[in-house]
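Welcome! We will then walk through it together.

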Amino acid sequence: AVRPLQQSDAQSTPVLVMSAAEATSHGVDSVPSLAANCQKLEIIGVAPQTESLSSALAAEGCTKPRYKTVPAAQLANQLRASLNRVVILDSADAIIGDEGFEIIAGSEKIFEAKTVVPLAEEQLDQEAQNLINSVTKKIDQTSLIGINRMVSGVDALDPQTAAGRFKILTQ
């Protein structure tokens, strides 16, 4: 059986993201301003539109948003080729800050936040649990993005090298 270990301070929350240029062009800086422009914009995600997103947009006056689903591997390119597009990404996705994309203010409140919690098999000994918990204590939102940055993209590090760098950075 699997059980949770110590929870970190980091969150894995879906957010609505646009390129800075698109956001400026459409005057989008919040969920209400996104809703005001929703007929011009397409919202792209990996899952079908959620009730919480539909409700949040409808509450701001957008009753018929255009929504499209794509495979997760295509999300970054959907954002890079941003022409009237809003993409749903995880708040810890390194691409947001690395490529100058903007999280639409208030969009984190639309989706359910998920806390980062490591899982372990029942037979994991106490010493190993203590070691994992000591690392988990050090993971906040900034470090989670940093870890994602280290293991993502063309120059991705292997997990062992990334773990070594994380250890050096958090000592």
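Helix 7 and helix 8 cross in a right-handed way. Keep in mind that this is a predicted model. Two packed helices are described by the angle between their axes and the distance between the axes. Here, helix 7 (residues 141-151) meets helix 8 (residues 159-169) at an angle of about 145 degrees, and their axes are 9 Å apart. Which residues make the contact? Helix 7 brings Ser 143, Ile 147, Met 150 and Val 151, while helix 8 brings Ala 162, Arg 165 and Phe 166. Sorted by class, the residues in this contact are five nonpolar, one polar and one charged.

Now let us turn to the sheet. Strands of a sheet pair through backbone hydrogen bonds, either parallel or antiparallel. In this model, five strands build an open sheet with mixed pairing, and their order is 5-4-6-3-7. Which strands stand at the edges? They are strand 5 and strand 7 (101-103); each has a single partner strand, so one side of each is left without a neighbour in the sheet. From one strand to the next, the twist averages 35 degrees.

Here are two of the pairings to find on the screen:

| Strands | Direction | Bridges |
|---|---|---|
| Strand 4 (residues 42-45) and strand 5 (residues 66-69) | parallel | four bridges |
| Strand 3 (residues 14-19) and strand 7 | antiparallel | three bridges |

Ile 44 has Lys 68 in strand 5 as its bridge partner. To get from strand 4 to strand 5, the chain passes through helix 3 (residues 51-59), and this β-α-β crossover is right-handed. In the other pairing, Ser 19 stands opposite Phe 101 in strand 7.

Finally, visit a loop. Where does Ser 30 lie? You will find Ser 30 in the loop between helix 1 (20-26) and helix 2 (31-36). The side chain of Ser 30 makes a polar contact of 3.3 Å with the side chain of Asp 29. Beyond its neighbours within four places in sequence, Ser 30 is in contact with Ile 104 and Ala 105.

Conventions
Residues are numbered from 1 along each chain as its sequence is written. This is a predicted model: local features need pLDDT of at least 70, side-chain atom pairs count only at pLDDT 80 or more; totals for chains, interfaces and linings use all residues. Side-chain values use heavy atoms; hydrogens and water are left out. Two strands pair if DSSP finds at least two bridges between them. Helices (H or I, at least four residues) and strands (E, at least two) are DSSP runs, numbered from the N terminus. A crossover is right-handed if, with the strands pointing away from the viewer, the path from the first strand over the helix to the second runs clockwise. Axes are lines fitted to C-alpha atoms, for helices over the stretch in contact, and angles run from 0 to 180 degrees between N-to-C directions. A crossing is left-handed if the near helix is turned anticlockwise from the far one by less than a right angle, and right-handed if clockwise. Contact means heavy atoms within 4.5 Å. Ala, Val, Leu, Ile, Met, Phe, Trp, Tyr, Cys and Pro count as nonpolar, Asp, Glu, Lys and Arg as charged, and the others, Gly among them, as polar. A polar contact is a pair of N or O atoms within 3.5 Å; within protein, one must be able to donate a hydrogen and the other to accept it, and residues adjacent in sequence count only if both atoms are side-chain atoms.
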